[in-house]
Amino acid sequence: MSFNTFLKGECRILATGAYLESFLNLCKRNGICMYRSSSTEKGVIFSAYYLELERIKQAAKKTCVEVVLLEEIGLPFLMQKVLHKKATLLGIFFCMLILFLCSSMVWSIQMEGVEQVSIQEIGMVLEQQGVHAGMLKSSLDTVELSSCIRQKIDQITWVSCKINGTKLYIDIKENDGYIGKEVSIQPGDDLVSSTDGIVHSIVAKKGIPIAHKGDAVTIGQILISGQVPIYNEAGEIARLEAVKADGQVWIEHILNNVIQVQAYEEIFYRDYRKKWKIGKRKREELEGEAICIRKCNEFLDSLEKKGLQIVQKNVTIKRDNFGWKGNLSVTVLEGITRYE
Amino acid sequence: MIATKILEATQIPCEVYDNTTRLTIKGRKEAYIENYKGLLEYTCERIVVQMNRGRVLFCGENLCVEYYAYDCMKIVGRIDVIQYE
């Protein structure tokens with residue numbers, strides 16, 4: 001039986017009576033297609049499609065021929081049998097319902113690109129936002145979740161959340177570059193150092209330079225004072241006049257950084273029991289080294305973008321059991337300038 | 001007469017304009033009939049088909065109608081005799 005016949009449904013019919021030829025001719029005039037017919041002692045046996053069964057019965061009634069259904073094959077008959085059983089119907093209904101409900105939930109969370117940020121930290125943010133395995137997909141706003149993760153964890157610069165099927169993918173890009181220390185400018189008008197180091201050069205436009213070339217300075221130390229002394233005729237300090245200190249100071253200091261690339265790439269995901277699971281993939285030799293070099297270069301680029309002048313750099317990449325370790329020791333000149 | 005001559009000149013098959021029954025025989029096991037009116041007799045040994053003009057009789061053994069549709073039918077079995085009446 002062909003697939004088309006199976007879909008349409010086939011009936012095997014025995015027609016008996018005195019006017020068989022009239023019955024067959026009437027069926028033909030009504031456009032009923034009969035096939036695989038054979039003449040027997042009882043009558044004519046033929047096959048017809050399920051949809052034509054009713055018209056065949058009408059034609060048989062008109063020509064006083066008796067038709068008997070010998071066999072019913074195909075999908076329509078199968079469906080009739082199945083649909084008459086309530087338990088089967090209920091089973092199909094509940095199966096569809098469970099399938100629908102299960103497919104409208106988030107069943108696992110997978111994170112990619114997490115290297116330095118703690119997984120627990122991201123997990124905490126997700127829990128605060130009510131994101132967990134088993135939640136409804138419709139109640140999850142991926143845009144809001146992305147911005148929330150980015151805001152709460154400073155080291156993350158870019159987050160993309162998307163739902164594919166029943167899985168939530170969180171793609172994270174971390175900031176590998178140098179994050180400068182925040183300078184606490186004193187409330188006065190003095191120009192203060194924002195870093196530890198040695199003064200490379202100092203040019204004061206307004207105010208009195210306190211530090212000199214070659215001096216070691218610390219964070220917060222006054223470099224150019226805004227308190228300008230006014231001397232009297234006797235050469236004594238009559239008063240101090242406050243001006244906004246201005247000038248250009250270059251401080252030389254050494255930045256040390258360690259870039260760690262692990263031998264195994266970790267893929268984190270969260271299963272339906274809300275447990276974090278870690279999948280590992282071993283990095284190839286050249287791949288790990290290339291990543292380490294790339295990260296070192298990114299770090300150096302980030303320094304230049306921040307306006308630091310690199311005087312000397314010393315980069316060493318070592319391979320150990322845990323992966324690749326890039327040690328950077330960069331001597332930089334940091335300009336401390338305040339303009340009015 | 002003129003119409004017939006024109007149709008003959010255009011070489012259009014006669015079953016198209018004349019509604020003539022077309023009978024195709026393949027060996028002695030299969031026969032296709034097109035443009036027929038109906039069945040007059042149907043047994044294993046004898047099948048009589050009413051054509052638009054006249055009838056055709058098939059005699060043989062284990063004759064049966066493979067399919068029986070509005071415009072064509074197929075007879076299979078061992079055909080011994082085909083007779084026009």
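Which strand of chain B is joined to strand 2 (residues 34-39) of chain A, and do the two run parallel or antiparallel?

## A pairing across the chains

Strand 2 of chain A is joined by two bridges to strand 5 of chain B, and the two strands run antiparallel. Strands here are DSSP runs of E with at least two residues, helices are runs of H or I with at least four residues, and both are numbered from the N terminus. Two strands pair if DSSP finds at least two bridges between them. To find the spot, look for Met34(A), which stands opposite Tyr68(B) in strand 5 of chain B.

## About the model

This is a predicted model, in which local features need pLDDT of at least 70 and side-chain atom pairs count only at pLDDT 80 or more, while totals for chains, interfaces and linings use all residues. Residues are numbered from 1 along each chain as its sequence is written, chains are lettered from A and ligands numbered from 1 in the order in which they are written, and side-chain values use heavy atoms, with hydrogens and water left out.

## Where the chains meet

At the interface, 16 residues of chain B are in contact (heavy atoms within 4.5 Å) with 14 residues of chain A. The two chains bury about 1,300 Å² between them, 53% of it on carbon and sulfur atoms; this is the accessible area (1.4 Å probe) that two parts lose on being put together, summed over both. Tyr42(B), Tyr68(B) and Tyr70(B) supply 48% of the area that chain B buries against chain A, more than any other three residues.

Eleven residue pairs, both at pLDDT 80 or more, are in polar contact between the chains. Such a contact is a pair of N or O atoms within 3.5 Å; within protein, one must be able to donate a hydrogen and the other to accept it, and residues adjacent in sequence count only if both atoms are side-chain atoms. On the side of chain B that touches chain A, strand 3 (36-42) and strand 5 (55-68) each supply at least two residues. Strand 3 of chain B gives the most, with seven residues.

## Chain B and a residue of chain A

Chain B has two helices and six strands, in the order α-α-β-β-β-β-β-β from the N terminus on. Of its 85 residues, 33% count as buried, meaning under 20% relative accessible area (1.4 Å probe, protein chains only).

In chain A, Thr5(A) is found in helix 1 (residues 3-8). Thr5(A) counts as buried because its relative accessibility is 10%.

Terms used: Buried < 20%, exposed > 50% of the residue type's maximum accessible area, 1.4 Å probe, protein only.
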